[in-house]
Amino acid sequence: TVKADLPEGECLHLSQICLQDPMAGKNYVQVQIGGTTINLVCLEKDKVEHQAVDLVFGPDSPLFLVKGTSEVHLAGYMEPN
């Protein structure tokens, strides 16, 4: 679980989600904003280990959650609101 603390006037543009050293089983990547949880992707070893996305979060700081056994990496960048 990771909370993205966004600087004032900035938003997070998430562009890539991928597994790091995948293990067997499904890994659900979720985001929680304002008490609402949304599934973003389901990643699985040797099937779908990487997903390109085009998601923008802000100004509320999103909380990212992973349900599964593999480590997941998120890539993106900050941009002005």
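What follows is a short chat about this structure.

Q: Before we start, what kind of model is this?

A: This is a predicted model: local features need pLDDT of at least 70, side-chain atom pairs count only at pLDDT 80 or more, and totals for chains, interfaces and linings use all residues. Residues are numbered from 1 along each chain as its sequence is written, and side-chain values use heavy atoms, with hydrogens and water left out.

Q: OK, how many aromatic pairs turn up in the whole structure?

A: One. Rings of Phe, Tyr and Trp (its six-membered ring) pair if their centres lie within 6.5 Å; planes under 30 degrees apart are stacked, over 60 edge-to-face, and the rest tilted.

Q: Which type is the Phe57 and Phe64 pair, and why?

A: Edge-to-face, because the planes sit at 90 degrees, with the ring centres 5.5 Å apart.

Q: Is Phe57 buried or exposed? And Phe64?

A: Phe57 is buried, with a relative accessible area of 7%. Phe64 also counts as buried, at 7%. Buried means under 20% relative accessible area, exposed over 50%, and partly exposed in between (1.4 Å probe, protein chains only).

Q: Switching to the largest nonpolar core, which residues touch the most other members?

A: Ile17 and Phe64, out of 14 residues. Such a core is a set of buried Ala, Val, Leu, Ile, Met, Phe, Trp, Tyr and Cys residues joined through side-chain atoms within 4.5 Å.

Q: Which strand gives the largest share of this core?

A: β2 does, with four residues. Strands (E, at least two residues) are DSSP runs, numbered from the N terminus.

Q: What does Ile17 touch?

A: Leaving out residues up to four places away in sequence, its contacts include Val29, Leu40, Val53 and Leu74. Contact means heavy atoms within 4.5 Å.

Q: Now the open sheet: what's the strand order?

A: The order is β1-β6-β3-β4, with antiparallel pairing. Two strands pair if DSSP finds at least two bridges between them.

Q: How many bridges do β3 and β4 have?

A: Eight, in the antiparallel sense. One of the partners in β4 is Thr36, bridged to Ile33.

Q: What about Asp60, where is that?

A: Asp60 lies in the loop between β5 (50-57) and β6 (63-67). Asp60 touches Leu6 and Ile33, not counting residues up to four places away in sequence.
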